[in-house]
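This report is meant to be read beside the sequence and the structure.

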Amino acid sequence: MSSQALSQLNILDFSTLLPGPYASLMLADMGANVLRIESPTRPDLVRALPPLDASGQSAAHSYLNRNKQAIALDLKQPAALDIVKKLLDKYDIVLEQFRPGVMQRLGLGFEQLREINPRVIYCSITGYGQTGPLKDRAGHDINYLALSGVADYSRRQGEKPVPQGVQIADIAGGSHHAVMGILAAVIEREHTGLGQHVDISMTDCAFSLNAMFASGYLGGQIEPQAESTMLNGGSFYDYYETSDGRYMSVGSLEPPFLMQLCQTLNIQQHIGKAGSQKSDEVAEFKDVMRDAFLQHDFKHWCQVFETLDCCVEPVLSFAEAACSAQAQERQWVKAAHVNEKEIKQLTNPIMKDHGIQNTGGKIGAHTQNILKDLGFSPLEIEQLKQHKVIA
């Protein structure tokens with residue numbers, strides 16, 4: 001896919017933190033022209049997130065805001081709103097992440113902007129959506145997973161839910177669904193000439209991630225419980241400790257894979273219990289597997305299963321994953337040179353050959369250039385700066 005696949009899309013991004021910026025990052029990597037609207041007085045909290053990269057900026061902020069431009073506007077001032085409305089001549093896709101009603105109070109709601117440009121596509125990412133009893137409530141990823149039912153059965157029996165290492169509701173819920181919604185609206189606009197409001201609720205989206213087991217409950221009244229399903233610890237599909245405290249992942253569900261696993265662990269005599277419908281027999285089989293893996297250390301099992309094709313892989317640390325042969329071949333990480341500084345970042349998994357034009361920089365890094373393109377004179381720009389409309 002060409003790195004300019006979305007070069008005809010122009011996006012005003014009002015979002016901060018993770019869900020919105022990750023969505024606009026994916027779009028920017030695919031060629032979209034993304035302009036971030038930043039507050040000069042309330043910086044994105046990700047800017048303060050350590051560690052710093054070689055540019056002296058937060059590494060997370062540099063990554064999430066690469067390949068974008070940024071303008072700093074105080075949206076509480078009428079002059080700033082006038083600038084946004086001028087930008088709508090070019091930037092006809094809006095991405096925002098405020099609570100419902102905030103953009104309307106600023107004069108920048110969907111209905112208000114649609115009067116200026118009927119083609120505007122307006123994507124709102126919120127925790128609970130634009131409607132419903134929770135729409136005005138604050139929340140974070142952990143809350144969305146809790147309310148969607150995901151956290152309850154993603155744990156061990158008798159133990160508390162565990163905070164996830166990645167933000168599932170924020171990214172798989174908010175970011176990815178926002179990108180899909182925006183692109184779908186762009187396609188529809190080609191036929192109708194009109195934009196629309198894309199309402200992304202991270203809790204709605206997290207609930208939809210129950211795809212495998214929701215059907216069992218909705219169609220057969222079988223509710224997923226902790227360690228009760230084939231994929232959440234209710235079968236031998238699980239993690240197993242090695243003698244040195246590391247772990248191996250086992251996903252050998254299909255019969256040929258299971259047979260090879262059992263032969264490798266020398267536990268063929270127990271294979272009949274692996275697929276049993278009796279929970280006690282499944283537990284017995286898992287105990288046998290635990291004992292087998294504890295016979296040797298992590299390195300031993302990595303070497304044993306490296307040449308076998310039976311869905312058994314080592315649990316790697318992030319550093320190990322980033323340096324793995326798979327990471328090297330598939331270009332999971334790319335080094336970019338920005339202002340003569342080498343900065344390593346995650347690549348876009350769809351756009352392996354995308355270039356990094358710039359990384360997230362200082363607040364309003366491109367303000368003056370953007371205003372010049374809109375026709376503002378140097379004197380007008382200086383006056384806006386003096387009145388603290390821009391930064």
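## A buried ring and its partner

Phe 305 has a relative accessibility of 3% and therefore counts as buried, where buried means under 20% relative accessible area, exposed means over 50%, and partly exposed lies in between (1.4 Å probe, protein chains only). The model is a predicted one, in which local features need pLDDT of at least 70 and side-chain atom pairs count only at pLDDT 80 or more, while totals for chains, interfaces and linings use all residues. Residues are numbered from 1 along each chain as its sequence is written, and side-chain values use heavy atoms, with hydrogens and water left out.

## Aromatic pairs

Rings of Phe, Tyr and Trp (its six-membered ring) pair if their centres lie within 6.5 Å, and the planes count as stacked when under 30 degrees apart, as edge-to-face when over 60, and as tilted for the rest. Counted in this way, there are eight aromatic pairs. In one of them, the ring centres of Tyr 240 and Phe 293 are 5.6 Å apart and the planes stand at 20°, so this pair is stacked. Because Tyr 240 belongs to strand E7 (residues 238-241) and Phe 293 to helix H12 (residues 279-293), the pair ties together parts that are 53 residues apart in sequence; helices (H or I, at least four residues) and strands (E, at least two) are DSSP runs, numbered from the N terminus. Both Tyr 240 and Phe 293 are buried.

Phe 293 also forms a stacked aromatic pair with Phe 305, at 6.2 Å centre to centre and with 25° between the planes. This pair links distant parts of the chain, since Phe 293 lies in helix H12 and Phe 305 in helix H13 (residues 298-306), twelve residues apart. Ring pairs join Tyr 240, Phe 293, Trp 301 and Phe 305 into a cluster.

## Helix H12

Helix H12 consists of 15 residues and reaches 21 Å from its first C-alpha to its last, close to the 21 Å expected at 1.5 Å a residue, the expected span being 1.5 Å times one less than the number of residues. Its buried residues are Val 282, Phe 285, Lys 286, Met 289, Ala 292 and Phe 293. Seen down the axis of H12, these buried residues fall within an arc of 115°, so they line one face of the helix; the arc is that of the directions from the helix axis to the C-beta atoms.

What do the buried residues of H12 pack against? They pack against E7, strand E8 (247-250), helix H11 (255-265) and H13, with contact meaning heavy atoms within 4.5 Å.

## Salt bridges

The structure holds 14 salt bridges, each being a side-chain nitrogen of Lys or Arg within 4 Å of a carboxyl oxygen of Asp or Glu. One of them joins Arg 189 and Asp 92, whose closest N and O atoms are 3.4 Å apart. It links distant parts of the chain, with Arg 189 in helix H8 (residues 168-192) and Asp 92 in the loop between helix H3 (78-87) and strand E4 (93-96), 97 residues apart. Arg 189 and Asp 92 are both buried.

Asp 152 forms a salt bridge with Arg 155, the closest N and O atoms being 3.0 Å apart. Asp 152 is partly exposed, with a relative accessible area of 35%, and Arg 155, at 22% relative accessibility, counts as partly exposed as well. Elsewhere, Arg 36, Glu 38, Asp 44 and Arg 47 are linked in a network of salt bridges.
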